[in-house]
Amino acid sequence: MKKSLITILGIGLVALILFSWYKGTYNSMVQADEQVSSQWGNVENQYQRRSDLVPNLVATVKGYAQHEQTTLENVINARAKATQMTIDPTNLNEENLAQFQQVQGELSSALNRLLVSVEAYPDLKANQNFLELQTQLEGTENRIATERTRFNEVAQLYNTLIRRFPGNIIASISNFTQKPYFKAQAGTEKAPEVKF
């Protein structure tokens, strides 16, 4: 009787330790997953801020740069695509993130072409409204870069947590999957050529 009681207590103690370990590890993974989702929201907020600035920028430029209709239409179309592309953080994977980055990259390129074309319009470059919008846009681009970096950091912590042994067993059982990282745009690995 005494041996069976000790055996039962031993098994109960082992089960309690295993349950506590499982619960603690699982809850850590849930917390890390929530941090990734929260940081993804911060990234999207900054991209949305940039999209919100575009109509004002286009309207300001339109009044001065009548000959830039194609450039303005490209910006408007790129913005429309960018605002339509959203990703649910629970469905965040390499493919979705690559599509998101491509659409946002198209908007960045269109905005850069617009800002380059503005150089031909001295009155526009001196316009206070335009200068303020340009400053806000530059600030937003910096915020986007910061939030993307923070997202990558949080995703790295999460990915490390779910891949480390023995937590990877719980991650596999509980369907925790790796999160993708933001990557540099294609072609940015080459320094631009400067010719005088």
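A search of the whole structure, which is a predicted model, finds seven aromatic pairs, where rings of Phe, Tyr and Trp (its six-membered ring) pair if their centres lie within 6.5 Å, and where planes under 30 degrees apart count as stacked, over 60 as edge-to-face and the rest as tilted. One of these pairs joins tyrosine 22 and tyrosine 26, whose ring centres are 6.3 Å apart and whose planes meet at 10 degrees, so the pair is stacked. Both tyrosines lie in helix 1, four residues apart, about one turn of the helix; here helices (H or I, at least four residues) and strands (E, at least two) are DSSP runs, numbered from the N terminus. Tyrosine 22 counts as partly exposed at 31% relative accessibility, and tyrosine 26 counts as partly exposed at 32%, given that buried means under 20% relative accessible area, exposed over 50% and partly exposed in between, with a 1.4 Å probe and protein chains only.

Another aromatic pair, that of phenylalanine 151 and phenylalanine 182, is edge-to-face, with 5.6 Å from centre to centre and 80 degrees between the planes. Phenylalanine 151 belongs to helix 5 (residues 128-163) and phenylalanine 182 to the segment after helix 6 (167-173), so this pair ties together parts that are 31 residues apart in sequence. Phenylalanine 151 counts as buried at 0% relative accessibility, and phenylalanine 182 counts as buried at 7%. Ring pairs also link these two residues with others, for Trp40, Tyr47, Phe100, Phe151 and Phe182 form a cluster.

The protein has six helices and zero strands, and its elements run α-α-α-α-α-α from the N terminus on. The radius of gyration of the protein, taken over C-alpha atoms, is 25 Å, well over the 16 Å that the globule rule gives for 196 residues, so the protein is more spread out than a compact globule; that rule is 2.2 Å times the number of residues to the power 0.38. Along the principal axes, the C-alpha atoms fill a box of roughly 95 × 35 × 25 Å. Of the 196 residues, 35% count as buried, and among contacts between residues at least 6 apart in sequence, 80% join residues at least 24 apart, where contact means heavy atoms within 4.5 Å.

Valine 58 lies in helix 1 (residues 2-64) and is buried, with a relative accessible area of 5%. Not counting residues up to four places away in sequence, valine 58 touches Leu72, Val75 and Ile76, whereas valine 58 and serine 37, which are 21 residues apart in sequence, are 32 Å apart in space, C-alpha to C-alpha. Leucine 124 lies in helix 4 (residues 122-126) and is buried, with a relative accessible area of 0%. With residues up to four places away in sequence again left out, leucine 124 touches Thr60, Val61, Tyr64, Val118 and Phe130. From leucine 124 to tryptophan 21, which is 103 residues away in sequence, the distance is 64 Å, C-alpha to C-alpha.

Two details of the backbone remain to be described. The peptide bond from phenylalanine 165 to proline 166 is cis, with omega near 5 degrees, and proline 166 has its place in the loop between helix 5 and helix 6. Asparagine 175, found in the segment after helix 6, has a phi near 60 degrees, which is a positive value in a residue other than glycine, and at 66% relative accessibility asparagine 175 counts as exposed.

Some notes on the numbers close this account. Residues are numbered from 1 along each chain as its sequence is written, and side-chain values use heavy atoms, with hydrogens and water left out. In this predicted model, local features need pLDDT of at least 70 and side-chain atom pairs count only at pLDDT 80 or more, while totals for chains, interfaces and linings use all residues.
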